Amino acid sequence: FVDKDDLQRMWTYHQQRIEGGGEPPKEYDFTFVTHDNQRRFVHVNVDVVEETNSRTASLVDITKQKEATEELAQLNTRLESLVEERTQALNKKAQEFAEANARLLELDEIKSSLLSSVSHELRTPLTSLLGFIKLINKTFAKHFKPLAESDPTLQKRADVMLSNFEIIDSEGSRLTRLLNDFLDLARIESGELRWNNEPMAVTTIIQEAAKVASGEFHEKPDVKLLVEVPDKLPLVLVDRDRIQQVLLNLLNNAVKHTSDGNV
């Protein structure tokens, strides 16, 4: 009933018990072979009957425990393999993230340099344009407009030109403020947006937006811009530049997508 792989070991234990020359273990495992040639895992405990040469042996079937232990060992092996694979995958991802982070830092430096350069390149000519338009406006009003007082047509055109100069000056100043906000690197990086809210008259805001947008309507004579706003409306707390930009976007879209009629 002993499997051939365990037979020599158990025979050696038996000889040691009979003849001496060694102290065999009292407990050990072996593979038991049943009468129908099935194999079972067995734990045996051997005791000597006192004052005799006889021995007792108790056998316990540990097949299920053995199979469970082997299955657990296989699961542990697979788990260790999976952990190793996942660890390698995580290490690879970590390396990729590190490389991507290094690239992002490099791009961040490029962005900062670009913003600084763009800020300078845009502010400088814009400041010059505003200076010249103020000078032109002042010179035209002082020296050329008086010459047109005797001619109603020239007088009307002179007034239109002065109005246009004022629009250019006003929009240039607004563009400067928007540009300063846009290129403020600290606010860009912190994700904060500054709002310069102040009480404003709705009528004034709408009229200013319409005045600025009127130039685009001149390009489409079949489309007319009509401004109908009550004189007395409550004040609203808004950022003047941004709310005016909203109105200008609406007006620009309206004139762009209107072929004839009124806005």
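Student: How do the residues of the lining of the largest pocket divide into nonpolar, polar and charged?
Tutor: There are 8 nonpolar, 3 polar and 2 charged residues in that lining. Here Ala, Val, Leu, Ile, Met, Phe, Trp, Tyr, Cys and Pro count as nonpolar, Asp, Glu, Lys and Arg as charged, and the others, Gly among them, as polar. Keep in mind that this is a predicted model, where local features need pLDDT of at least 70, side-chain atom pairs count only at pLDDT 80 or more, and totals for chains, interfaces and linings use all residues. Residues are numbered from 1 along each chain as its sequence is written, and side-chain values use heavy atoms, with hydrogens and water left out.

Student: Which residues are the closest to the centre of the largest pocket?
Tutor: The general idea is that rolling a probe the size of a water molecule over the atoms shows where empty space is left. A pocket is an open set of points on a 1 Å grid over the protein atoms alone, where a 1.4 Å probe fits, with protein on both sides within 12 Å along at least five of seven lines; lining residues have an atom within 4 Å of a point. The largest pocket holds about 260 Å³ of space. Its lining has 13 residues, and M10, R17, Y28, V46 and A57 are the closest to its centre.

Student: What lines the second largest pocket?
Tutor: That lining includes V160, E171, K211 and H218, and the space is about 210 Å³. α3 gives the most, with 6 residues.

Key
Grid points are joined across faces, edges and corners, and a volume is the space filled by probe spheres set on the points. Helices (H or I, at least four residues) and strands (E, at least two) are DSSP runs, numbered from the N terminus.
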